[in-house]
Amino acid sequence: MRDSEIIETELMEISAIADESIKLERIIAWCASHPDEVPFALHQLMGRRDKPVNH
């Protein structure tokens with residue numbers, strides 16, 4: 001597996017895409033390119049969902 005910071009940076013770049021269809025295409029391509037990193041990515045994303053948002 002690659003460095004976790006690289007993975008997080010790539011996921012943040014994908015999440016910043018405004019067009020949902022392009023975002024979905026990028027997610028699918030990323031998962032296909034890095035199948036061994038998908039569990040790590042899901043864990044990271046689920047962890048962020050649980051954190052409260054400060055306004």
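## Lining of the largest pocket

Helix H3 provides the largest share of the lining of the largest pocket, five residues. Helices here are DSSP runs of H or I with at least four residues, and strands are runs of E with at least two, numbered from the N terminus. The model is predicted: local features need pLDDT of at least 70 and side-chain atom pairs count only at pLDDT 80 or more, while totals for chains, interfaces and linings use all residues. Residues are numbered from 1 along each chain as its sequence is written, and side-chain values use heavy atoms, with hydrogens and water left out.

H1, H2 and H3 each supply at least two residues of this lining. The lining comprises 13 residues, and those nearest the pocket centre are Leu11, Ile14, Ile27, Ala41 and Leu45. By class, 10 are nonpolar, one is polar and two are charged. The volume of the largest pocket is about 250 Å³. A pocket is an open set of points on a 1 Å grid where a 1.4 Å probe fits, with protein on both sides within 12 Å along at least five of seven lines; lining residues have an atom within 4 Å of a point.

## Overall architecture

The protein has three helices and zero strands, in the order α-α-α along the sequence. Of its 55 residues, 20% count as buried, meaning under 20% relative accessible area with a 1.4 Å probe and protein chains only. Among contacts (heavy atoms within 4.5 Å) with a separation of 6 or more, 48% join residues 24 or more positions apart.

## Nonpolar core

Ile7, Leu11, Ile14, Trp30, Phe40 and Ala41 form the largest nonpolar core, which has six residues. Such a core is a set of buried Ala, Val, Leu, Ile, Met, Phe, Trp, Tyr and Cys residues joined through side-chain atoms within 4.5 Å. Helix H1 (4-15) and helix H3 (38-50) each contribute at least two of its residues, and H1 gives the most, with three.

Leu11 contacts Trp30 and Ala41, leaving aside neighbours within four places in sequence.

## Lys23

Lys23 is located in helix H2 (residues 20-33). Lys23 counts as buried because its relative accessibility is 16%. Not counting residues up to four places away in sequence, Lys23 touches Ile14, Ser15 and Ile17. A polar atom of the Lys23 side chain lies 3.3 Å from the backbone oxygen of Ser15.

Technical notes: Buried < 20%, exposed > 50% of the residue type's maximum accessible area, 1.4 Å probe, protein only. Polar contact = N/O pair within 3.5 Å; in protein donor to acceptor, adjacent residues only side chain to side chain. Points joined across faces, edges and corners; volume = space filled by probe spheres on them. Nonpolar A, V, L, I, M, F, W, Y, C, P; charged D, E, K, R; others polar.
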